[in-house]
Amino acid sequence: MQPLISSLPNFLQQPLFWTMALLVFAIWQFIQNKLRMDIVALIVMLFFSITDILSVQEVLAGLSDPNVVLIALLFIVGEGLVRTGVANQVSDWLMRVSGANETKVLILLMLSIAGLGSFMSSTGIVAIFIPVVLAICSGMGISPRRLMMPLSVAGLISGMMTLIATPPNLVAHSELVKSGFEGFNFFSFTPIGLMVLVLGIGYMLIARRWLDNGEESEAQGKIQDFSMANLIEEYQLKGRAKMALVEPDSEFVGKSISQLNLRFEYGLNIIAIQRNKHFRTITINASVNEIFQPKDILLLDTALDDETYQQYCEQLNLRQIELKGEYFSSHSKSVGMAELSVMPEAECIGKTIRELQFRSKYHLSVIGLKRGEEVIQQDLLDTPLKFGDILLIMGVWQQIHRLDKDNRDFFLLRTPEESKKAPPALSQAPHALFSVLVMVVLMITGIVPNVMAALIACLLLGKFRCVDMKSAYDSIHMPSIVLIIGMMPFSIALQKTGGVDLTVRFLLDVMQDLDVHFVLMALFIFTAVISAFISNTATAILVMPIAVAIAGQLGYSPLPFVMTVAVSASAAFMTPVSSPVNTMVLAPAGYKFMDFIKVGVPFTVLVMLLSVFMIPILFPL
């Protein structure tokens with residue numbers, strides 16, 4: 001390739017020409033969306049290598065970049081929060097506080113992200129909230145596209161809130177001190193950050209509609225297609241569910257299910273047991289050998305009438321508890337149901353549920369049997385099974401999934417939509433919170449680099465069985481990682497070929513004769529364009545000295561100039577590759593390159609206008 005280039009006219013032989021041409025090609029491909037963005041990134045890496053514009057080490061520099069490793073690790077942290085149910089609990093809290101109103105959810109979400117991101121890595125906080133937003137969208141039946149962009153926007157705005165919120169702010173402070181000025185204090189950025197946050201919330205309340213591609217009704221349809229409510233109605237289970245608390249003087253205490261023989265003697269079928277353990281409530285299997293403890297809460301299935309059930313509760317010293325929802329639908333994150341079909345020539349054919357000792361073997365309860373169009377409830381345990389029978393089972397979700405893998409007589413026919421929201425490591429939620437708390441504290445204090453803080457969190461999540469190796473590796477979205485790695489060589493190429501220096505000299509020549517507000521505007525635009533293709537930290541290091549020099553030449557205080565550059569470096573709203581925060585929400589929301597252009601460019605212009613007019617007021621010239 002190099003000999004071919006050397007035979008071209010002089011201007012075509014310049015590495016800067018080919019770097020800019022490749023940049024235009026990449027952006028054009030992103031806009032057209034015909035090639036996957038990670039494929040375009042790989043083409044970029046290949047071109048830089050075969051043209052000798054960059055060495056192989058420079059092309060592959062992204063593989064050793066701590067930020068790339070940090071993003072991969074944060075995907076695993078997010079997976080830990082999903083698997084332990086923390087994401088669902090936070091989403092439930094947000095929906096409960098907001099009344100499941102999308103507008104209130106968006107406002108609370110952006111306020112939470114901006115507040116937390118003021119004191120820790122915005123990349124980290126966005127990674128934590130991605131599964132939360134997905135859970136909210138699933139629960140509300142709306143497209144993730146409507147809330148993922150506000151999530152990334154709030155993450156970027158959080159960098160404008162405090163001195164430590166993002167590295168460019170510290171670079172700005174350092175440049176001022178190095179130039180002999182006082183520098184910024186911890187909350188110097190807060191006033192302009194709050195203004196941008198209010199502007200961002202108002203803007204996203206409008207712009208979210210531009211992102212909606214009609215998935216709302218489709219998402220709701222999927223939830224309504226097949227849910228626990230459908231199974232409850234299909235198997236005639238309404239009114240059968242009860243809850244009761246084991247009193248300390250109950251004869252249940254110290255005995256097992258098999259010893260009490262509740263289903264045969266009293267017609268009471270225990271689906272699961274809720275128990276307080278270490279200041280939290282856990283849901284455990286109703287296995288035949290499980291020993292009852294005082295204050296256990298029993299999830300019961302029974303066909304008894306209310307009067308008979310009340311008599312049995314008094315006789316057994318059980319306190320009745322009001323059940324919300326129909327047939328444990330309100331407990332669907334811990335217990336669930338599924339349909340099993342009998343395998344051809346299975347050993348269970350001709351045997352009854354009682355003879356199979358189904359509960360003893362699988363730690364699950366059979367609560368319904370369907371044979372053709374007939375639903376069998378009477379003598380359920382003593383009906384011999386036939387090929388084609390469908391069993392409805394219920395119990396803890398982990399046991400349902402385990403049965404699907406570890407049996408030869410049945411295969412899992414259908415699971416309701418709720419199974420997708422059921423955390424497989426629900427009991428480990430406190431450990432997941434502890435692991436994330438350790439990461440946040442380490443990031444805030446700076447005791448170790450951010451990437452090491454995330455690695456420690458991942459190791460803790462593995463140690464506490466919040467994630468396993470397969471789920472950890474599967475959670476890393478490799479197309480996003482490849483996209484970031486592939487676009488990083490542009491940073492080196494633009495500096496190596498003189499593209500950045502050429503632009504800087506041009507700006508210095510032009511700005512001297514402009515009004516100060518136009519100078520600030522030009523600085524903002526220059527910083528925003530550069531930070532779209534190289535890291536905002538590198539951009540800040542490059543542009544901050546220029547801002548101080550221009551302020552000196554014009555006879556103004558450097559504070560508003562440096563603050564403008566810092567705000568612009570964080571205003572990376574325009575493309576999915578301008579910030580890791582944007583790249584992380586790309587896949588979960590199904591965004592395209594043009595989605596960021598459509599929403600990000602107008603908002604960047606609004607932030608620029610706000611900054612140009614408000615920063616000189618907050619920091620007098």
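Trainee: What relative accessibility does His363 have, and does that make the residue count as buried, partly exposed or exposed?

Mentor: This is a predicted model, in which local features need pLDDT of at least 70, side-chain atom pairs count only at pLDDT 80 or more, and totals for chains, interfaces and linings use all residues. Buried means under 20% relative accessible area, exposed means over 50%, and partly exposed lies in between, with a 1.4 Å probe and protein chains only. His363 has a relative accessibility of 26%, and therefore counts as partly exposed.

Trainee: Which value of phi is His363 near?

Mentor: Most residues other than glycine have a negative phi. His363 is not a glycine, yet its phi is positive. The residue lies in the loop between helix H19 (358-362) and E7, and its phi is near 60°.

Trainee: In which loop is Asn317 found?

Mentor: Asn317 also deserves attention for its backbone: it has a positive phi of about 55° although it is not a glycine. Its relative accessible area of 28% makes it partly exposed. Its place in the chain is the loop between helix H17 (306-315) and strand E5 (318-321).

Trainee: How many helices and strands are there in the chain?

Mentor: Both kinds of element are DSSP runs numbered from the N terminus: helices are H or I with at least four residues, and strands are E with at least two. By this definition, the chain has 31 helices and ten strands.

Trainee: What percentage of the contacts in the chain with a separation of 6 or more comes from residues 24 or more positions apart?

Mentor: A contact means heavy atoms within 4.5 Å. The chain has 621 residues, and 53% of them count as buried. Among contacts with a separation of 6 or more, the share from residues 24 or more positions apart is 78%.

Trainee: Which residues make the nonpolar surface patch?

Mentor: Accessible areas come from the Shrake-Rupley method with a 1.4 Å probe, and for residues only the protein chains shown count as cover. Patches are made of residues with over 30% relative accessible area and no salt bridge; like charges are joined within 9 Å, and nonpolar side chains (Val, Leu, Ile, Met, Phe, Trp, Tyr) within 5 Å. Helix H4 (residues 37-50) gives the largest share of the patch, three residues. The patch covers about 360 Å² and is made by Phe25, Leu35, Ile39, Leu42 and Ile43.

Trainee: What relative accessible area does Leu42 have?

Mentor: Leu42 lies in helix H4. The residue is partly exposed because its relative accessible area is 43%.

Trainee: How many residues apart in sequence are the parts that Glu102 and Arg146 tie together?

Mentor: A salt bridge is a side-chain nitrogen of Lys or Arg within 4 Å of a carboxyl oxygen of Asp or Glu, and the structure holds 15 of them. Both Glu102 and Arg146 are buried. Their side chains meet in a salt bridge with an N to O distance of 2.7 Å. Because Glu102 lies in helix H8 (residues 102-117) and Arg146 in helix H10 (residues 145-157), the parts tied together are 44 residues apart.

Trainee: In which strand is Arg371?

Mentor: Asp389 counts as buried because its relative accessibility is 1%, whereas Arg371, at 22%, counts as partly exposed. The two side chains meet in a salt bridge (2.7 Å, N to O). The pair links distant parts of the chain, 18 residues apart: Asp389 is in the loop between strand E8 (374-376) and strand E9 (390-396), and Arg371 is in strand E7 (residues 365-371).

Trainee: By about how much are Asp595 and Lys598 separated in helix H31?

Mentor: Asp595 forms a salt bridge with Lys598, with 3.9 Å between the closest N and O atoms. Asp595 is buried at 6% relative accessible area, while Lys598 is partly exposed at 37%. Because they are three residues apart in helix H31 (residues 593-618), their separation is about one helical turn.

Trainee: With which side chain does the side chain of Ser256 make a polar contact?

Mentor: A polar contact is a pair of N or O atoms within 3.5 Å; within protein, one must be able to donate a hydrogen and the other to accept it, and residues adjacent in sequence count only if both atoms are side-chain atoms. Ser256 is found in the loop between strand E1 (241-246) and helix H15 (257-260), and it counts as buried because its relative accessibility is 5%. A polar atom of its side chain lies 3.5 Å from the backbone oxygen of Val288. At 3.0 Å, the side-chain partner in a polar contact is Ser258.

Definitions and conventions:
Residues numbered from 1 in each chain as written. Heavy atoms only, no water.
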